[in-house]
Each structure stands twice: as structure tokens, then as C-alpha cells.
Amino acid sequence: MARQGKVTVVGAGFYGSTTAQRLAEYDILETVVLTDIIEGKPEGLALDLNQSRPIEGFETTVVGQTTGTDGSGYEVIAGSDIVVVTAGLPRKPGMSRVDLIETNAKIVRSVAENVAQHAPESVVIVVSNPLDEMTALAQIATGFPKNRVMGQAGMLDTARFSNNVAEKLGVPVGSVQTLTLGSHGDTMVPVPSRCTVDGKPLSDLLPADEIEELVTRTRNGGAEVVALLKTGSAYFARADHYVRYERGFTLVSGARTLSSARAMAYLTDDCARVQTLEMRGQSRITGVGEGAGALRAMDADDINLEF
């Protein structure tokens, strides 16, 4: 199998390192770069992952690089097709995503400026919280076209909704289809009317009060994980979410084409917030501004965006 492309993951915490592992094990890329400001951490993780190649049977090379606040070390990301920004502080129990805005804004701005300098043709995918605000900031700091700076969350929120429904009804998760709209935060909107289980509407299977409990649990899904972990936030499901996105990028003659069953959100001219509208088999690309009139969407089957 021909391996092509280079992806950089900025931030070697639980989320970043898990994402690098998943990307490498898919064995579709030539190189995965993992960076972090903690000296030796990304190099050590990269060495560990490379030593797993004979066991797991993948050939993708993982490169680790410590970076400095002065921008040193970022030259390793040169030529990256995609840069995933995971850098920033995670939530602690009782914190909202917005509580992180001041600290993480400084971190994300610095990362974005270095990405613009060393990987000016890359697509940037932001994971750092608060997601919507950090995505907008990254686009401003890089100066990249709006369709090359994306926020990652929609599939994760929808997956949490689907898992909650499956657990409640005791059915396979594959039989559940759900839809979640809105930002990645307390204002997200799980849509029960678009939820089905084996083709049957959720309202035929559960009373309204129990459905509302599932909606509330979905909206607070990240906080539930944070409260249980005590330190750090969710990373397994988030990493799988990103890697599914990345697999949708096909590198063809220097152009990046998004052709995936899972669409990615990007900023539009009038977009103050970024989000993804997704359903299994009916994903859409969506940019949402302050008013409903800013909504833009297209069927995923028709998507063929060149960056």
C-alpha cells in the first residue's frame, strides 16, 4: 500500500499521543509528527510508538520533537498536510470550557503563528477548548483561508448521544442514529426528533422525560468524564473522532480533497462560531454565525473541497 502525507499533532498529552498512535496504526501516512513543550516527552513517545511497528504491523514513521516558546523546533512540521492543535490546558472538575479561554488563547495563538510560518500550506484542525473560540482565533492568527481552519467536535457529541441511547435501551450502538447541533459546549443541541433505533423514532421507545435525561447527559458528556477522571479530560473518543476525519483527506497531486462520510466544519465569512452538523450516512458541512440566516450546509456525498 502506498503511504503518503504528513500529519503533525501539536501537544503530546493523552489526547495528542492517542491521536498520533491511531494515525500511525492506520498505516496510511508516510509520517506523523508529535510535538510538545515538555523536553523529551514527544521524542520518547515517538520512539515507543516506532518500536511497536513490528508488533502492530504498520510502517508509518513517528517523529517526536520538543518545541520552545520561542518557536524553536517547529521546523520539523514543514511540509505537513494537516496540523492538529491539541495544545492547551484541560478542564478540571467544576470548570466549563470557557474557563480555559484566557490561558489557552495565548497557547493556541503561539502555535498558530508557528504553523503559519513553517507549514503555510497545511490544513489546521483545532481541538483545544473552548473549541469554537480557539478555532476562530487560530484562523485569525494563521491568516489562512477560512476553509483551511477547522474545529473538531460534532462527531464526538453525536457519538456521546448515540452511546447514551444505546446504553439506555440495551441495544447495539450500530443500531442508533442521532444528531447533535450547535457549539461544542453547554449550548449544544442534541435533536431527539432525528434519533432512530433500528429505524424506529426514539419517541416510540422512551417517554419524553427519559429522552430529556439523555439530552442533558449528552450536553454534559465532557464534564461527566472530567469529573470521573479528576485530572484531564476525555481523549479516547476524541482521538478516534479526529482520526476518522483525517482518513477523509485524500492527498492528490498536491491538493487536499475532503471526501469523507464524516464532514468537517469550517469558517464562513459571516461565521463567528464553528461547528459540524452530522448524522450517520448524512453528514453535512456547516458554518454557523450569530443568526440562523448564516447557516450553510451541503450534503456530504456532494462534497469535494480543494484547499
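A crossing of two helices is called left-handed if the near helix is turned anticlockwise from the far one by less than a right angle, and right-handed if clockwise. In this structure, helix α6 passes helix α7 in a right-handed crossing. The structure is a predicted model, in which local features need pLDDT of at least 70 and side-chain atom pairs count only at pLDDT 80 or more, while totals for chains, interfaces and linings use all residues. Residues are numbered from 1 along each chain as its sequence is written, and side-chain values use heavy atoms, with hydrogens and water left out.

## Helix pairs

Helices (H or I, at least four residues) and strands (E, at least two) are DSSP runs, numbered from the N terminus. Their axes are lines fitted to C-alpha atoms, for helices over the stretch in contact, and angles run from 0 to 180 degrees between N-to-C directions. The table sets out two helix pairs.

| Helix pair | Axes come within | Crossing angle |
|---|---|---|
| α4 (residues 101-118) and α5 (residues 131-142) | 8 Å | roughly 35° |
| α6 (residues 154-169) and α7 (residues 208-219) | 9 Å | roughly 140° |

The angle of roughly 140° between α6 and α7 makes α6 oblique to α7, given that angles under 35 degrees count as roughly parallel, over 145 as roughly antiparallel, 65 to 115 as roughly perpendicular and the rest as oblique. In this pair, D157, R160, F161, N164, V165, E167 and K168 of α6 meet E210, E213, L214, V215, R217 and T218 of α7, where contact means heavy atoms within 4.5 Å. Sorted by class, this contact of α6 with α7 holds 4 nonpolar, 2 polar and 7 charged residues. For such counts, Ala, Val, Leu, Ile, Met, Phe, Trp, Tyr, Cys and Pro are nonpolar, Asp, Glu, Lys and Arg are charged, and the others, Gly among them, are polar.

Helix α4 likewise passes α5 in a right-handed crossing. Their contact involves I101, N104, A105, V108, R109, A112, E113 and A116 on the α4 side, and E133, M134, L137, A138, A141 and T142 on the α5 side. The residues of this contact of α4 with α5 divide into 9 nonpolar, 2 polar and 3 charged.

Strand β1 (residues 6-10) and β2 run parallel and are joined by 5 bridges, and the bridge partner of V7 in β2 is V32.

Strand β4 (residues 82-85) pairs with β5 in the parallel sense over 4 bridges, and V84 has I125 as its bridge partner in β5. On its other pairing, β5 meets strand β6 (residues 149-151), again in the parallel sense, over 3 bridges, with V124 standing opposite V149 in β6. In a regular strand the side chains alternate between the two faces of the sheet. Both faces of β5 are covered, since V123 and I125 on one side and V124 and V126 on the other are all buried, a word that means under 20% relative accessible area, whereas exposed means over 50% and partly exposed lies in between (1.4 Å probe, protein chains only).

## The sheet of 3 strands

A second open sheet has 3 strands in the order β7-β10-β11, and its pairing is antiparallel. Its edges are β7 (176-177) and β11 (200-201), each with a single partner strand, so one side of each is left without a neighbour in the sheet. β7 is joined to strand β10 (residues 196-197) by 2 bridges, and Q177 stands opposite T196 in β10.

## Loop residues

Most residues other than glycine have a negative phi, and most peptide bonds are trans. A cis peptide bond, with omega of about -5°, joins N129 and P130, and P130 lies in the loop between β5 (123-126) and α5. D27, in the loop between α1 (14-26) and β2 (31-36), has a positive phi of about 60° although D27 is not a glycine, and D27 is buried, with a relative accessible area of 10%. D198, in the loop between β10 and β11, has a positive phi near 55° and is exposed, with a relative accessible area of 60%.

Notes
Pairing = 2+ DSSP bridges.
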